[in-house]
Amino acid sequence: MLSPERLALPDYEYLAQRHVLTYMEDAVCQLLENREDISQYGIARFFTEYFNSVCQGTHILFREFSFIQATPHNRVSFLRAFWRCFRTVGKNGDLLTMKEYHCLLQLLCPDFPLELTQKAARIVLMDDAMDCLMSFSDFLFAFQIQFYYSEFLDSVATIYQDLLSGKNPNTVIVPTSSGQHRQRPALGEAGMLEGVEASLFCQCLENLCDRHKYSCPPPALVKEVLSNVQRLTFYGFLMALSKHHGINQALGALPDKGDLMHDPAMDEELERLLLPFFRLAQVPGLVNSVTASPETSCLPSRTPPRVGSPWRPLHHSRKVDGESDGSTEETDESET
């Protein structure tokens, strides 16, 4: 049965809204690049597997940045993939720097721009040094806002700077084209401390949401965020967006913070994939010694040796401690 949304739109508008042409062009490009391999099992099978991967959200893995940001669905898929791949960082209570989070992002997208990671980290750290440590949940929810609403936030930064300097912000702001990221205006010390009037800021953002051609948060939720304060700073506003339950639900990429470390489907899949390796490790002759009893010989050790990862220097291998106070009050995840 067709959805009410599908029935209400003409075919061409529905296809444009779902960015079907973007995926068709990408599929054809991949088909031409790999035509020798694809010819062995057929074009029909290739298109079936391609669009199945689009539906499952795995089509963005290890792709170039221009592709993962090309559509809202790609952005949501990338956010979900980042969470599912690296949520063990949060489970362990580890704190990482901005550069280390950027290394994780580059494992999924080799050309992911450093500037976007820096902007996401600045939401958490605000005026703290960029080499401070951050918890996984703090960075993830800030990164979600920055990555998904990137063009919108660039326009918001311009409006905020205009309000600080007394200019009229009600001018048409042309968002950057896809693939380009405008340098965010430097916010002065006075602006960081005092901020702008929330009611005026809200009016400007309402106008921006009406004319913005890129994704923006639901205007009603933006208004809700701004109605709770009289004045606010730019990064205070971004932090409020990142922590807003309704905005997270509207995006639909990540679970609520309380469920962030739980992903039964991924746990089951990992167990299925890793079980043969655990069994292989118990085969006599493949290991130096097997000290487990027969009843537990097929089970992995509960305390495997920790191996330093290439993106995490040894001097950062510590749990949540007092150094996380520079981010937010919710940084301590290991004790929740």
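Is serine 77 buried or exposed? Welcome to a set of close-up views of this predicted model, and the opening view takes up that residue.

**View A. Serine 77 and the residues around it.** Serine 77 sits in helix α7. With a relative accessible area of 2%, serine 77 is buried, because buried here means under 20%. Leaving aside residues up to four places away in sequence, serine 77 touches Gly57, His59 and Ile60.

**View B. The largest nonpolar core.** This view turns to the largest nonpolar core, which has 76 residues. Phe78, Phe82, Phe112, Phe201 and Phe237 are the residues with the most contacts inside this core. Its largest share comes from helix α10 (residues 136-148), which gives 9 residues. As background, nonpolar side chains tend to be buried together in soluble globular proteins.

**View C. Phenylalanine 237 within the core.** Here we zoom in on phenylalanine 237, one of the residues with the most contacts inside the largest nonpolar core. Which residues does phenylalanine 237 touch, not counting those up to four places away in sequence? They are Val156, Phe201, Leu205, Val222, Val225, Leu226 and Leu232. One of these, Phe201, is also listed among the core residues with the most contacts.

**View D. The salt bridge of aspartate 26 and arginine 63.** A search of the whole structure finds 6 salt bridges, and this view shows one of them, between aspartate 26 and arginine 63. The closest N and O atoms of the pair are 2.7 Å apart. Aspartate 26 counts as buried at 10% relative accessibility, and arginine 63 counts as buried at 13%. Glu64 comes into the picture too: salt bridges that share partners join Asp26, Arg63 and Glu64 into one network.

**View E. The salt bridge of arginine 75 and glutamate 151.** The side chains of arginine 75 and glutamate 151 meet in a salt bridge, at 2.9 Å from N to O. Arginine 75 belongs to helix α7 (residues 72-91) and glutamate 151 to helix α11 (residues 150-165), so the pair links distant parts of the chain, 76 residues apart. Arginine 75 is buried, with a relative accessible area of 7%. Glutamate 151 is buried as well, at 2%.

**View F. The salt bridge of lysine 119 and aspartate 154.** Lysine 119 forms a salt bridge with aspartate 154, and their closest N and O atoms are 3.1 Å apart. Distant parts of the chain are linked by this pair: lysine 119 is in helix α9 (residues 114-125) and aspartate 154 in helix α11, 35 residues apart. Lysine 119 is buried, with a relative accessible area of 3%, and aspartate 154 is buried with a value of 3%.

**View G. The second largest pocket.** How much space lies in the second largest pocket? About 440 Å³. The pocket is lined by 14 residues, and Gln17, Arg18, His19, Tyr23 and His73 are the closest to its centre. Helices α3, α5 and α7 are the elements that give two or more residues to the lining. Sorted by class, the lining has 8 nonpolar, 4 polar and 2 charged residues.

Definitions and conventions
Residues numbered from 1 in each chain as written. Predicted model: local features only at pLDDT ≥ 70, side-chain atom pairs only at ≥ 80, totals over all residues. Heavy atoms only, no water. Core = buried A, V, L, I, M, F, W, Y, C linked by side-chain atoms within 4.5 Å. Buried < 20%, exposed > 50% of the residue type's maximum accessible area, 1.4 Å probe, protein only. Helix = DSSP H or I, 4+ residues; strand = E, 2+ residues; numbered from the N terminus. Contact = heavy atoms within 4.5 Å. Salt bridge = Lys/Arg side-chain N within 4 Å of Asp/Glu carboxyl O. 1 Å grid on protein atoms, 1.4 Å probe; cavity = no way out; pocket = protein on both sides within 12 Å on 5 of 7 lines; lining within 4 Å. Points joined across faces, edges and corners; volume = space filled by probe spheres on them. Nonpolar A, V, L, I, M, F, W, Y, C, P; charged D, E, K, R; others polar.
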